[in-house]
Structures are given as structure tokens and as C-alpha cells.
Amino acid sequence: MKNQTEQQFSEWAEKISRSDRQAFDQIFRSFYPALVRFAMRYVTDKTASKDIVQDCFVSLWQTRHRIDASRSLKSYMYMSVRNRALNAIRDRSGVDVDHELASIHSKGQPADHDLNDNENDEPTLEQLMNTWIDQLPDRQKEAFNLSRFEGLDHDEIAGVMGVSP
């Protein structure tokens with residue numbers, strides 16, 4: 001996603017609330033990839049992530065007349081994707097587990113072959129950072145990822161997570 005300003009999101013929100021298909025297309029094209037990456041943090045399946053994000057955009061269009069341009073559309077979309085992803089996890093029966101991810105989370109660190117890729121068997125700074133981030137409590141990790149990897153500010157993160165700034 002290009003670095004869209006909050007003003008751009010506000011303009012899109014206002015236009016979409018008036019059924020402007022071009023504005024809807026613009027927000028979809030610029031925001032869809034970032035939302036898919038965000039959804040993949042929850043469901044770890046790219047196809048499911050794409051479906052979740054697409055459902056959120058369909059819902060946005062269906063409820064476009066209730067959009068409040070004074071509220072953050074960006075936060076609203078992240079929150080919608082998060083809620084749908086959590087619902088998908090809850091509703092899924094017989095969850096398929098990515099065994100590599102399971103080994104990372106069960107040990108609190110990357111699998112041995114991840115750390116031993118370089119010649120002197122010392123983890124890189126990036127690998128250490130990923131290990132430390134993975135060891136954070138879930139809510140702190142979510143806030144960190146929203147801030148550092150999705151570029152949300154404190155107010156937007158609070159909106160997505162349903163907490164006060």
C-alpha cells in the first residue's frame with residue numbers, strides 16, 4: 001500500500017458513502033495488499049486471507065451509506081479484517097497447523113535450521129528481533145506489528161484493538 005494519508009482515507013470514505021465506485025476502486029486497489037498481509041497474521045492461509053479481506057470490502061460497500069467520514073476508515077478496515085479473521089479461526093474445525101510455525105511458537109524461537117543458516121552459527125539481528133517479537137504477549141505483539149509493519153498510529157491501533165489510545 002502506498003503511504004496514503006488520513007485525509008485521503010477521509011475523502012474516500014466521504015465519496016464511498018455517496019456510492020462513488022471510482023473511490024471504492026481506488027481504496028480497494030491501494031489498501032487490499034496490506035489488509036491481506038494483516039489477515040495472514042491470523043489465519044496464515046493466503047487464500048483465506050484474501051477471502052476475508054474481500055468480504056470486508058463487500059461489507060463496506062453494502063453499508064456505505066452508514067460510513068462516517070469523520071472516523072478513521074483505515075482503522076475500521078483493520079478492525080473488520082481482524083474480527084473476520086478471528087471469527088474464521090473460531091469457526092474452523094480441524095484447524096490445519098503449519099508445523100514450522102508451530103515449532104516457532106511452541107519453543108518461543110525459530111526452528112533450529114532458521115538460526116543456523118549462516119556459517120558461524122550465530123543468529124542475525126533480524127532473526128533475533130523476530131524471536132523477541134514472537135516472545136511478546138499476543139496483544140503487545142499485535143500492537144507492535146500494527147505500528148511497525150502496517151504503519152498505523154496510536155489512535156488507529158487503539159481503534160483496531162478496541163482499547164483506548
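I'll go through the salt bridges, then a helix and a pocket, and finish with the aromatic rings.

Quick housekeeping. This is a predicted model, so local features need pLDDT of at least 70 and side-chain atom pairs count only at pLDDT 80 or more, while totals for chains, interfaces and linings use all residues. Residues are numbered from 1 along each chain as its sequence is written, and side-chain values use heavy atoms, with hydrogens and water left out.

Salt bridges, then. By that I mean a side-chain nitrogen of Lys or Arg within 4 Å of a carboxyl oxygen of Asp or Glu. How many does the structure hold? Five.

Take E14 and R18 to begin with: their closest N and O atoms are 3.1 Å apart. Are these two buried or exposed? For the terms, buried is under 20% relative accessible area, exposed is over 50%, and partly exposed is in between, with a 1.4 Å probe and protein chains only. E14 comes out at 41%, so E14 is partly exposed, and R18 at 55% counts as exposed.

Now one with a different setting. K74 and E156 also meet through their side chains in a salt bridge, at 4.0 Å from N to O. This pair links distant parts of the chain, with K74 in helix 4 and E156 in helix 9, 82 residues apart. When I say helix, I mean a DSSP run of H or I with at least four residues, numbered from the N terminus. K74 has 6% relative accessibility, so K74 counts as buried. E156 is also at 6%, and therefore buried.

Who else does E156 touch? If you leave aside neighbours within four places in sequence, E156 is in contact with E6, S72, K74, S75 and G151. Contact here is heavy atoms within 4.5 Å.

A side note on K74: its C-alpha atom is 9.8 Å from that of T5, although the two are 69 residues apart along the chain. T5 sits in the segment before helix 1, which runs 6-17. At 46% relative accessibility, T5 is partly exposed.

E142 pairs with R139, the closest N and O atoms being 3.5 Å apart. Both are in helix 8, three residues apart, which is about one turn of the helix. Salt bridges that share partners bring R82 in too, joining R82, R139 and E142 into one network. E142 is buried, because its relative accessible area is 12%. R139 is at 37%, so that one is partly exposed.

Back to helix 9, residues 154-161. Which of its residues are buried? Those are E156, I157, A158, V160 and M161. What covers them includes helix 1, helix 2 (21-43), helix 4 and helix 8 (138-148).

How is a pocket found?

By class, the lining has five nonpolar, four polar and seven charged residues. Charged means Asp, Glu, Lys and Arg; nonpolar means Ala, Val, Leu, Ile, Met, Phe, Trp, Tyr, Cys and Pro; the others, Gly among them, are polar.

The whole structure has nine aromatic pairs. One of them is F38 with Y42, edge-to-face, 5.5 Å centre to centre and 80° between the planes. Rings of Phe, Tyr and Trp (its six-membered ring) pair if their centres lie within 6.5 Å; planes over 60 degrees apart are edge-to-face, under 30 stacked, and the rest tilted.

F38 and Y42 are four residues apart in helix 2, so about one helical turn separates them. Both are buried. Ring pairs also link F9, W12, F31, F38, Y42 and Y78 into a cluster.

That's my tour, thanks!

Technical notes
Helix = DSSP H or I, 4+ residues; strand = E, 2+ residues; numbered from the N terminus.
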